[in-house]
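Biologist: Could you walk me through how the inside of this protein is packed?
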Amino acid sequence: MIGDYTYSEFFSILAMQGFAGLILFSVFVLMALGLAIIFGQMGVINMAHGEFMILGAYVTYLVSTLVTTYLPGLFPFYFFVAMALAFAASFSLGVFVEWALIRHLYRRPLDTLLATWGLSLVLQQLYRSIFGAREVGVTLPDWMMGSVAVSDTIEVPLNGLFVMVLTLIIAAGVYFLMYRSSWGKRVRAVVQNRVMAGAVGIDTKKVDRMTFGLGCGIAGIAGSAFTMIGSTGPTAGQLYIVDTFLVVVFGGAGSLIGTIASAFTISQAQSTMEFFLSGSMAKVLTLLTVVGILMLRPQGLFSLNIRR
């Protein structure tokens, strides 16, 4: 016996918490990938990143409603269309924001923090005006409902598995784009030495704009995935923005491997401690542990050599 539980019950609960941590890890990775790209390359503190995620969630909600009403025959496949449109909407808004606002604030990180915080408030009010203050949810296709029985006492929800698989695909796509494509080489050249990259003919302004748009687009996909595990409201993005920044800083700004490792560590720590403690206390202990590690290793788990 362990407390009030038998050994079998105890380890079954730990396994369920571990699967819950993997779902949380998936959301963290999808959110943090975009933020790591933006913060790592451009030094921009994007406090509106959660609102780009919620834009993707609202696009998914709109597609779900429209398909259910007008094209019910396509309902089993609407989610893939919704994800593509969520990426397109968040990417387009990100490109516009970079052109209209961010490009004037480079090398002024505190100004980007204040400006994007103001942008987040504007977007929240815009969502509230269009969709209302109440939270909304999407209707999932039948093939996403239910769960898979791993054992007699452990079941894994199908929508959680879908989010995990989606995370693996997006992470692999970002890796290929950043490390196996010519565009990724230009991005990494700008990260490592912006002046030299411009001197050899790379359009650094265009790279910045497309990179900011890509980071926002990935947040839109995160929002689309978020609709499967939670309801969508105007301020829902604020629930994840602090954890996302924590993941990026702890993993090392601009490091893809560090972001994934950090997201896994933080999500599993939170999920496991929630079994023994309250959710708020688990967050506090996780935060204190990460801060303590960052005091010993300020550059995070992984770091890149960057010249500005």
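Predicted model: local features only at pLDDT ≥ 70, side-chain atom pairs only at ≥ 80, totals over all residues.

Biologist: How many residues does the largest nonpolar core have?

Modeller: The largest nonpolar core has 78 residues, a core being a set of buried Ala, Val, Leu, Ile, Met, Phe, Trp, Tyr and Cys residues joined through side-chain atoms within 4.5 Å. Buried here means under 20% relative accessible area, with exposed over 50% and partly exposed in between, using a 1.4 Å probe and protein chains only. Among those with the most contacts inside the core are Leu33, Phe79 and Phe212.

Biologist: And which helix gives the most to this core?

Modeller: That is helix H1 (residues 7-42), with 13 residues; helices are DSSP runs of H or I, at least four residues, numbered from the N terminus.

Biologist: What is Phe212 in contact with, apart from its neighbours within four places in sequence?

Modeller: Phe212 is in contact with Ile38, Met42, Val44, Asn46, Gly94, Val97, Glu98 and Ile102, where contact means heavy atoms within 4.5 Å.

Biologist: OK, helices now: at what angle do H3 and H8 pack?

Modeller: Helix H3 (residues 78-100) and helix H8 (residues 204-226) pack at an angle of about 145°, with their axes 7 Å apart. Axes are lines fitted to C-alpha atoms over the stretch in contact, and angles run from 0 to 180 degrees between N-to-C directions. The contact includes Phe79, Gly94 and Val97 of H3 and Phe212 and Gly213 of H8.

Biologist: Switching to aromatics, how many pairs does the structure hold?

Modeller: The structure holds 13 aromatic pairs, counted when ring centres of Phe, Tyr or Trp (its six-membered ring) lie within 6.5 Å, with planes under 30 degrees apart called stacked, over 60 edge-to-face and the rest tilted. The rings of Tyr58 and Tyr127 have centres 5.4 Å apart and planes at 55°, so that pair is tilted. Tyr58 is in helix H2 (residues 49-70) and Tyr127 in helix H4 (residues 109-131), 69 residues apart.

Biologist: Are those two buried or exposed?

Modeller: Both Tyr58 and Tyr127 are buried.

Biologist: And why is the pair of Phe79 and Phe162 edge-to-face?

Modeller: Their planes are at 85°, with the centres 5.9 Å apart, so the pair is edge-to-face.

How values were computed:
Residues numbered from 1 in each chain as written. Heavy atoms only, no water. Helix = DSSP H or I, 4+ residues; strand = E, 2+ residues; numbered from the N terminus.
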